[in-house]
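I opened this entry to keep track of what I looked up, item by item. The notes are in the order in which I checked things.

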Amino acid sequence: MSWFILVIAGLLEVSWAIGLKYTEGFTKLWPSIGTILSLVVSFVLLGLAMKTLPVGVAYAVWVGIGLVGTAILGILLFDESAQTLKLISLGLICAGIVGLKLTSS
């Protein structure tokens with residue numbers, strides 16, 4: 001169950017990271033509220049997952065999900081570059097996340 005909670009926390013990290021773009025410096029009310037809500041829930045879920053998962057693994061997986069998800073959505077939503085090296089690097093991060101999961105009890 002902790003891994004499921006951690007994945008949800010990571011997806012919410014993507015949500016608030018992308019949401020920051022839509023807040024336009026926190027000048028737009030509803031995107032700002034959604035972003036702050038996503039951030040708070042993401043942190044709470046990360047804390048819950050860390051009750052049973054090793055802190056280093058949980059934090060690395062959370063950041064990895066957030067990083068990869070945000071980079072992919074940046075490419076899709078904001079027309080950011082999708083250079084080959086960037087995509088390979090994101091793949092390596094995904095491999096690292098899988099490796100951490102496989103080596104964690």
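What follows are my notes on the annotated segments, the aromatic pairs, the salt bridge and a surface patch.

**Entry 1: the model and its record.** I note at the start that this is a predicted model. I looked up the UniProt record, an unreviewed entry, which places the feature "transmembrane region" at residues 33-50, 57-78 and 84-103. I then checked the secondary structure over two of these ranges. Residues 33-50 come out as 94% helix and 0% strand. The C-alpha atoms at the ends of that range are 26 Å apart. For residues 57-78 I get 100% helix and 0% strand, with 30 Å between the end C-alpha atoms.

**Entry 2: Y22.** I went to Y22, which sits in helix 1, residues 2-23. Next I listed its contacts, leaving out neighbours within four places in sequence, and found K28, P31, L77 and F78. I also took the C-alpha to C-alpha distance from Y22 to G34, which is 10.0 Å for a separation of 12 residues in sequence.

**Entry 3: aromatic pairs.** How many aromatic pairs are there? I count three. One of them joins Y22 and F78, with the ring centres 5.6 Å apart and the planes at 50°, a tilted arrangement. This pair links distant parts of the chain, since Y22 is in helix 1 and F78 is in helix 3 (residues 55-78), 56 residues away. F78 has a relative accessible area of 23%, so I put F78 down as partly exposed.

I then looked at F43 and W62, whose rings are 5.4 Å apart, centre to centre. Their planes make an angle of 65°. Why is this pair edge-to-face rather than tilted? The cut-off for edge-to-face is over 60 degrees, and 65° is past it. F43 belongs to helix 2 and W62 to helix 3, so the pair ties together parts that are 19 residues apart in sequence.

**Entry 4: charges.** I searched the whole structure for salt bridges and got one. Which residues form it? The partners are K28 and E24, and their closest N and O atoms are 3.5 Å apart. The cut-off is 4 Å, so this pair qualifies. Both residues are partly exposed: K28 has a relative accessible area of 38%, and E24 has a relative accessibility of 49%. I note that K28 is also on the contact list of Y22.

**Entry 5: nonpolar patch.** L20, F26, I36, V40, V44 and L48 make a nonpolar patch of about 510 Å². Which helix gives the most to this patch? Helix 2, residues 29-49, does, with four residues. V40 is one of the patch residues, and V40 is found in helix 2. I checked V40 against the patch rule, which asks for over 30% relative accessible area. V40 has 43%, so V40 is past that limit and counts as partly exposed.

How values were computed: Residues numbered from 1 in each chain as written. Predicted model: local features only at pLDDT ≥ 70, side-chain atom pairs only at ≥ 80, totals over all residues. Heavy atoms only, no water. Patch = residues over 30% accessible without salt bridge, like charges linked within 9 Å, V, L, I, M, F, W, Y side chains within 5 Å. Areas by Shrake-Rupley, 256 points an atom, 1.4 Å probe, with all protein chains shown as cover. Salt bridge = Lys/Arg side-chain N within 4 Å of Asp/Glu carboxyl O. Helix = DSSP H or I, 4+ residues; strand = E, 2+ residues; numbered from the N terminus. Buried < 20%, exposed > 50% of the residue type's maximum accessible area, 1.4 Å probe, protein only. UniProt positions renumbered as here; feature names shortened; annotations may be inferred. Contact = heavy atoms within 4.5 Å. Phe/Tyr/Trp six-rings, centres within 6.5 Å; stacked < 30°, edge-to-face > 60°.
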